[in-house]
Amino acid sequence: NAGLNYGTSHYTGQISLFVVPNPDKLKECYDEVMHQISLWSSPDYYTDGQLADARAILLRNDSYAKEKPSSLPSQLSYMWCSTSLNYYTDLTDNYQKVGRADISRYIANYITGKPMVSGIIIKPELSKQYNVPSFFVAK
């Protein structure tokens with residue numbers, strides 16, 4: 001299981017990558033995640049079709065989120081407090097305008113060569129068994 005998220009806020013927003021690896025392949029998973037992050041700035045990392053799919057997913061997710069009227073006040077108040085009301089009302093339309101240049105600029109400004117914080121939650125005996133401190137260290 002893996003997920004990537006950008007937390008929208010007015011001035012800052014955390015970029016979160018969450019991975020649940022196969023315990024028998026912790027090092028391989030860690031190495032591959034770091035490798036994939038290093039490839040994000042490559043122009044051919046994703047296709048135009050994948051970008052179109054991502055836009056469609058964001059559009060569907062927005063529709064699903066608005067299907068439950070009881071959740072709208074919390075969605076609206078969160079966005080109003082963390083960004084602005086206009087940001088919230090224009091968000092879905094703006095997602096549809098994101099292009100390769102926008103993504104490249106975002107990666108260059110906020111990911112490539114930037115400091116990161118990482119952590120791992122694991123039972124001590126598994127950490128010892130797989131020698132996690134040998135590869136999951138501050139760089």
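Analyst: A residue is called buried under 20% relative accessible area, exposed over 50%, and partly exposed in between (1.4 Å probe, protein chains only). Helices (H or I, at least four residues) are DSSP runs, numbered from the N terminus. This is a predicted model, in which local features need pLDDT of at least 70 and side-chain atom pairs count only at pLDDT 80 or more, while totals for chains, interfaces and linings use all residues. Residues are numbered from 1 along each chain as its sequence is written, and side-chain values use heavy atoms, with hydrogens and water left out.

User: Which residues are buried in helix H4?

Analyst: Within H4, which spans residues 85-95, the buried residues are Tyr88, Leu91 and Thr92. Viewed down the helix axis, they fall within an arc of 70°, so they line one face of H4; the arc is that of the directions from the helix axis to the C-beta atoms. The face turned away from this buried side carries the exposed residues Asn86 and Asp93.

User: What covers the buried residues of H4?

Analyst: Contact means heavy atoms within 4.5 Å. The cover includes H2 and H3. Thr92 counts as buried because its relative accessibility is 10%. Not counting residues up to four places away in sequence, Thr92 touches Leu59 and Asp62.

User: Where does Lys66 lie?

Analyst: Lys66 is in the loop between helix H2 (48-65) and helix H3 (72-82). With a relative accessible area of 36%, Lys66 is partly exposed. Its side chain forms a polar contact of 3.1 Å with that of Asp62.

Methods:
Helices (H or I, at least four residues) and strands (E, at least two) are DSSP runs, numbered from the N terminus. A polar contact is a pair of N or O atoms within 3.5 Å; within protein, one must be able to donate a hydrogen and the other to accept it, and residues adjacent in sequence count only if both atoms are side-chain atoms.
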